[in-house]
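Colleague: Before we go through this model together, could you show me how to read its features one at a time, with the general idea first and the case at hand second?

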Amino acid sequence: MLKGKHIILGITGGIAAYKSVQLLRLLVKSGAEVQVVITPAGKEFITPVTLSALSGKPVISEFFTANTGQWNSHVDIGLWADLMVIAPATASTIAKMATGVADNMLVTTYLSAKAPVFVAPAMDLDMMAHPTTTRNLQQLRADGVHVIESATGELASHLVGKGRMAEPQEIHDAIAAFFASRDDSALAGRRMLVTAGPTYEKIDPVRFIGNYSTGKMGYAIADEAARRGMKVTVVSGPVSVVPQEPGVEVIRVESAREMLAECRRLFPEQDVAVMCAAVADYAPAETADRKIKREHDDVPVIRLVKNPDIAAALGAEKKPGQRLIGFALETDNALANAREKLSRKNLDMIILNSLADPGAGFGTDTNKVTVIRADGAAEELPLMPKRDVAAAILDRLSL
Ligand code: CTP
């Protein structure tokens, strides 16, 4: 997978730097050409001689090579790279990357690189848990950097907690998977719209009608599509989940009507839309502009009106070549009801969720679904993590 790929391996000053040697070996073994860029602090932990012997290239650390005066161009290295991975990435380097403090060759190269960037943070648990680190990592994610989560375990301080660098094999595999999905996927470069989460239908300024949807399934699909190189926009109801993959655009809405408006605006330029949101079927006919008070003589009655069906609206506007995927949550006559929805909403595929199965449905990290295609053929999948369900759905999508 990595044959001929140009990879910058950035190494910073942390104990985990000794594991970078193993990562370097794995990358080289898989056929990658690796240029090591190490920070001055990194050299305190691992010698450049080992790294240059294994990579077959001089290690770069300073702007100039001391004895020859040769200028190391961060711009050229940045442009040469197909990918940059910084492992380990210390709290300090992460902070510099987040704020653009270009006081060493590594951060300067990061700022010049056009290629995708991965970081594998490694630090003590308190540093990892500090709001500053959380904020900086969030900033990096927002800037499009892929963060390879650190693991929980024994740390160099002998304390146990989150902060261990991911294992070299895991980092290698994440990089290989990135190239594999980007290079092979027929979906790369195509556009996807995902609706996710619940909708809130306002009763008064402080109350709403909503549901238990957490948005996990929709965001899992958005993340998986982004991993395959798609340009993804999520139109999301109120949820606390966030995309894990860089580059996923999120448009926040509250009500079904707002969700419909955004979806109709965006749909014409999409290749596929996946309707994951648990849209409230009804909304209050009127929204009180003041809080409804308790001191009423009679109990207030909330009259409901039907909400628009977003999936059906997009189904009616669908152009040849566009794909529309829906979900169905059924309690009885599941297959027949899902097939009926598929044809009524003009979908190309419907994913039937079962509420009856343990581990499936709202709030869980797993799901059990049946994929039904336009011709009605049904395929029942086993209970899987939502991430794998997302992958299974995208595997069955042909554009
Ligand atoms: N959907 C939608 N807009 C709505 C209702 C549903 O876009 N107002 C979408 C959902 O996102 C899902 C599909 O339509 O992809 C089916 O949703 P579901 O709630 O199962 O179906 P309903 O049409 O609401 O039918 P019912 O509640 O009667 O089962």
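**Reading the ligand shell**

Modeller: The shell around the ligand consists of nine nonpolar residues, one polar residue and four charged ones. Please keep in mind throughout that this is a predicted model.

Colleague: Which residues of the shell come nearest to the ligand?

Modeller: A residue is taken as near when one of its heavy atoms lies within 4 Å of the molecule. Of the 14 residues around the ligand, the nearest are Met275, Ala277, Phe327, Lys341 and Lys345.

Colleague: And which element of secondary structure gives the most to the shell around the ligand?

Modeller: That is strand S16, with four residues. Strand S16, which covers 323-330, and helix H11, which covers 310-317, each contribute at least two residues to the shell.

Colleague: Which residues of H13 are the buried ones?

Modeller: They are Lys386, the run of Val389, Ala390, Ala391 and Ala392, and then Ile393 and Leu394. One of them, Ala390, can be related to Asp223, for the two are 167 residues apart in sequence, yet their C-alpha atoms are 8.6 Å apart in space. Asp223 belongs to helix H9, residues 216-227, and with a relative accessible area of 7% Asp223 is itself buried.

Colleague: Is Thr133 buried or exposed, and which backbone oxygen lies 2.6 Å from a polar atom of its side chain?

Modeller: Thr133, which lies in helix H7, residues 131-142, is buried because its relative accessible area of 6% falls under the 20% limit. The backbone oxygen in question is that of Met127.

Colleague: Could we take a case from a strand as well?

Modeller: Phe118 sits in strand S4, residues 117-121, and is buried at a relative accessible area of 5%. Its C-alpha atom is 6.9 Å from that of Ile148, which is 30 residues away along the chain.

Colleague: Which residues form a nonpolar patch on the surface?

Modeller: Tyr212, Leu329, Leu355 and Phe362 form one, and together they have about 440 Å² of accessible area. Phe362 lies in the loop between strand S17 (349-354) and strand S18 (366-367), and its relative accessibility of 36% places Phe362 in the partly exposed class.

Colleague: Finally, what does the protein chain come to in helices and strands, and what does its C-alpha trace span?

Modeller: The protein chain has 13 helices and 21 strands, and its C-alpha trace spans about 85 × 55 × 35 Å along the principal axes.

Terms used
Residues are numbered from 1 along each chain as its sequence is written. This is a predicted model: local features need pLDDT of at least 70, side-chain atom pairs count only at pLDDT 80 or more; totals for chains, interfaces and linings use all residues. Side-chain values use heavy atoms; hydrogens and water are left out. Ala, Val, Leu, Ile, Met, Phe, Trp, Tyr, Cys and Pro count as nonpolar, Asp, Glu, Lys and Arg as charged, and the others, Gly among them, as polar. Patches are made of residues with over 30% relative accessible area and no salt bridge: like charges are joined within 9 Å, nonpolar side chains (Val, Leu, Ile, Met, Phe, Trp, Tyr) within 5 Å. Accessible areas come from the Shrake-Rupley method with a 1.4 Å probe; for residues, only the protein chains shown count as cover. A salt bridge is a side-chain nitrogen of Lys or Arg within 4 Å of a carboxyl oxygen of Asp or Glu. Buried means under 20% relative accessible area, exposed over 50%, partly exposed in between (1.4 Å probe, protein chains only). A polar contact is a pair of N or O atoms within 3.5 Å; within protein, one must be able to donate a hydrogen and the other to accept it, and residues adjacent in sequence count only if both atoms are side-chain atoms.
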